[in-house]
Amino acid sequence: MEPVSTLAAGAIVQLAFNEFIKSSAGEAAKKLTGEALTKANELRKAIWAKFKGSDRAETALAEVEKEGTPEALDRVTKLLDAEMSFEPEFATQIRQLAQQIQNLTDSSQKMASNIKLEGDLKAQSMTQRATSGDIREQEMLTNVEAKNIELGNLTQES
């Protein structure tokens with residue numbers, strides 16, 4: 001996750017318009033929680049408001065929402081990057097919103113996943129504990145292949 005002070009225009013555009021992106025990056029939109037989608041909408045509205053009255057910018061924003069192509073995203077990214085360098089308060093505002101979205105989407109824990117052994121696997125005591133209310137998904141021992149698997153005390157807490 002990029003720190004707020006350095007979050008680039010390209011990352012911000014992807015977060016704001018991810019539901020319109022027609023690529024593998026747009027697949028992330030399907031995993032966003034309701035709260036993250038609300039924040040993404042707020043971010044998108046802030047960007048639209050900033051460019052209101054600029055025909056070129058409004059056309060680029062409409063293209064992203066209609067086409068969602070990398071080319072359309074690139075045009076908006078360039079416009080946003082220039083605006084962020086001229087308006088530091090605006091840049092801070094949208095970076096903070098983008099950071100909030102990232103914080104809401106970085107919400108899973110995985111433990112002991114994707115393990116392939118030719119021998120045995122023995123897990124005696126494993127605990128996975130969510131220390132923050134932001135954790136939305138926990139996975140333990142997923143996609144595990146072994147000759148013999150012996151499990152002991154496995155606990156997930158939130």
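Student: Hi! How many helices and strands does the protein chain have?

Tutor: Hi! This is a predicted model, and its protein chain has five helices and six strands.

Student: And what pattern do they follow along the sequence?

Tutor: Reading along the sequence gives α-α-α-α-α-β-β-β-β-β-β.

Student: What percentage of the residues count as buried?

Tutor: The figure is 32% of the 158 residues of the protein chain. The accessible surface of the chain is about 9600 Å², and carbon and sulfur atoms account for 47% of that surface.

Student: What about contacts between residues at least 6 apart in sequence, what share joins residues at least 24 apart?

Tutor: That share is 71% in the protein chain.

Student: OK, on to helix packing. At what angle do α2 and α5 pack?

Tutor: Helix α2, residues 34-50, and helix α5, residues 88-105, pack at an angle of about 160°. Their axes are 9 Å apart.

Student: Are α2 and α5 roughly parallel or roughly antiparallel, then?

Tutor: Roughly antiparallel. An angle over 145 degrees counts as roughly antiparallel, and the angle here is about 160°, so α2 and α5 fall in that class.

Student: Left-handed or right-handed crossing?

Tutor: The crossing of α2 and α5 is left-handed.

Student: Which residues meet there?

Tutor: From α2 the contact takes Glu 35, Ala 36, Lys 39, Ala 40, Glu 42, Leu 43, Ala 46, Ile 47 and Lys 50. On the α5 side they meet Phe 90, Gln 93, Ile 94, Leu 97, Ala 98, Gln 100, Ile 101, Leu 104 and Thr 105. Sorted by class, the contact of α2 with α5 has 11 nonpolar, three polar and four charged residues.

Student: Now α2 with α3. How do their axes cross?

Tutor: The axes of α2 and helix α3, residues 55-67, cross at roughly 150° and come within 9 Å. The two helices are therefore roughly antiparallel to each other, and α2 passes α3 in a left-handed crossing.

Student: Which residues make that contact?

Tutor: Arg 44, Ile 47 and Trp 48 come from α2, while Glu 58, Leu 61, Ala 62 and Glu 65 come from α3. By class, the contact of α2 with α3 has four nonpolar, no polar and three charged residues.

Student: Staying with α3, how about Ala 60, buried or exposed?

Tutor: Ala 60 lies in helix α3 and is buried at 5% relative accessible area. Not counting residues up to four places away in sequence, Ala 60 touches Arg 75, Val 76 and Leu 79.

Student: How far apart are the C-alpha atoms of Ala 60 and Asp 74?

Tutor: They are separated by 9.2 Å, and the two residues are 14 residues apart along the chain.

Student: Last one, from the strands: what does Gly 152 touch?

Tutor: Gly 152 is in strand β6, residues 149-157. Leaving out residues up to four places away in sequence, Gly 152 touches Ala 123 and Gln 124. Between Gly 152 and Lys 122 the C-alpha to C-alpha distance is 7.9 Å, at 30 residues apart in sequence. Gly 152 is partly exposed, with a relative accessible area of 39%.

Technical notes: Residues numbered from 1 in each chain as written. Predicted model: local features only at pLDDT ≥ 70, side-chain atom pairs only at ≥ 80, totals over all residues. Heavy atoms only, no water. Axes fitted to C-alpha atoms, helices over the stretch in contact; angles between N-to-C directions. Helix = DSSP H or I, 4+ residues; strand = E, 2+ residues; numbered from the N terminus. Parallel < 35°, antiparallel > 145°, perpendicular 65-115°, else oblique. Left-handed = near helix turned anticlockwise from the far one by under 90°. Contact = heavy atoms within 4.5 Å. Nonpolar A, V, L, I, M, F, W, Y, C, P; charged D, E, K, R; others polar. Buried < 20%, exposed > 50% of the residue type's maximum accessible area, 1.4 Å probe, protein only. Areas by Shrake-Rupley, 256 points an atom, 1.4 Å probe, with all protein chains shown as cover.
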